[in-house]
Amino acid sequence: MEFTQFIQEYGLDAFTTVLGILYIILEYRASILLWVVGIVMPALDIYLYWGHGLYGDAGMAAYYTIAAVYGYVAWKISERRNGQANVEKSHSDAAATIGITHFKRAHILPSFCFFLAAWGITYFVLTRFTNSTVPLLDSFTNALSFVGLWALARKYLEQWIIWIIVDGISCYLYLVKNIPFKASLYGLYVVIAILGYIKWKRMMGTEIHLNN
């Protein structure tokens, strides 16, 4: 395959994959800059996914772009509430800045109901109005991603568990749809999500210790 042909076929896939690696590193470090990358990357993903028939993912990418703005604002407000002293701390003390917490029990049932509703609606749209060949899994990952992104914006530790599930299924979907770089990225996401859960949990423990 010639370089020009490779770029035409896989260039956008490769570029957004690089952005995706940067995004997950920033998320792992609990850096607010993750939301900046989170605006650019999904905006490009809309075109990428639509061209490969992943209409649910294309719609989700549009949502990600908008939601990333909300996430940035939410984290920025959290930083300001914790004071300038916390903002100036190193990344090792990021939990003290952003306030990582557990998923609240009161949110479990509403979140699950929302997930089921979003899954059903997205599945209906994909089967009724598109030629998607993977509507069940495509709609599943999209519905669960809504909850995951909301949990990330609220700084819940358990958001990592949600992404482990989403990323694992997405890796399979991108392999099926011949988006190899993205598939590799999401396989990496699974590993980093596991490590991220461990790191955030440790950071949260540090924050509790500092507050006592």
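Guide: Let's start with patches: they are made of residues with over 30% relative accessible area and no salt bridge, where like charges are joined within 9 Å and nonpolar side chains (Val, Leu, Ile, Met, Phe, Trp, Tyr) within 5 Å. The areas come from the Shrake-Rupley method with a 1.4 Å probe, and for residues only the protein chains shown count as cover. A salt bridge, in turn, is a side-chain nitrogen of Lys or Arg within 4 Å of a carboxyl oxygen of Asp or Glu.
Guide: Some ground rules: this is a predicted model, so local features need pLDDT of at least 70 and side-chain atom pairs count only at pLDDT 80 or more, while totals for chains, interfaces and linings use all residues. Residues are numbered from 1 along each chain as its sequence is written, and side-chain values use heavy atoms, with hydrogens and water left out.

Visitor: Which residues form a nonpolar patch on the surface here?
Guide: The patch consists of L33, V36, I39, V40, V69, Y72, V73 and I77, which together have about 610 Å² of accessible area. Two elements give two or more residues to it, α2 (34-51) and α3 (55-81); α3 gives the most, with four. Such elements are DSSP runs numbered from the N terminus: helices are H or I with at least four residues, strands are E with at least two.

Visitor: Is V69 buried, exposed or partly exposed?
Guide: Buried means under 20% relative accessible area, exposed over 50%, and partly exposed in between (1.4 Å probe, protein chains only). V69, in helix α3, has a relative accessible area of 42%, so V69 is partly exposed.

Visitor: How many helices and strands does the chain have?
Guide: Nine helices and zero strands. Of the chain's 212 residues, 48% count as buried.

Visitor: Which residues of the largest nonpolar core touch the most other members?
Guide: A nonpolar core is a set of buried Ala, Val, Leu, Ile, Met, Phe, Trp, Tyr and Cys residues joined through side-chain atoms within 4.5 Å. The largest one has 52 residues, and Y23, W35, Y49, W75, L152 and W200 touch the most other members. As for the elements, α9 (180-211) gives the most to this core, with nine residues.

Visitor: How do I read the aromatic pairs, and how many does a search find?
Guide: A pair of aromatic rings is described by the distance of the centres and the angle of the planes. Rings of Phe, Tyr and Trp (its six-membered ring) pair if their centres lie within 6.5 Å; planes under 30 degrees apart count as stacked, over 60 as edge-to-face and the rest as tilted. Searching the whole structure gives 20 aromatic pairs. W35 and W75 make an edge-to-face one, at 5.9 Å centre to centre with 85° between the planes. W35 sits in helix α2 and W75 in helix α3, so this pair ties together parts 40 residues apart in sequence.

Visitor: What about the rings of W75 and W200?
Guide: Their centres are 6.5 Å apart and their planes at 50°, so the pair is tilted. W75 is in helix α3 and W200 in helix α9, so parts 125 residues apart in sequence are tied together. Both W75 and W200 are buried. Elsewhere, ring pairs link Y63, Y64, F114, F146 and W163 into a cluster.

Visitor: Where is the salt bridge?
Guide: Side chains of opposite charge can pair when their charged atoms come close. A search of the whole structure finds one salt bridge: D45 with K182, whose closest N and O atoms are 2.9 Å apart. D45 lies in helix α2 and K182 in helix α9, 137 residues apart. Both D45 and K182 are buried.
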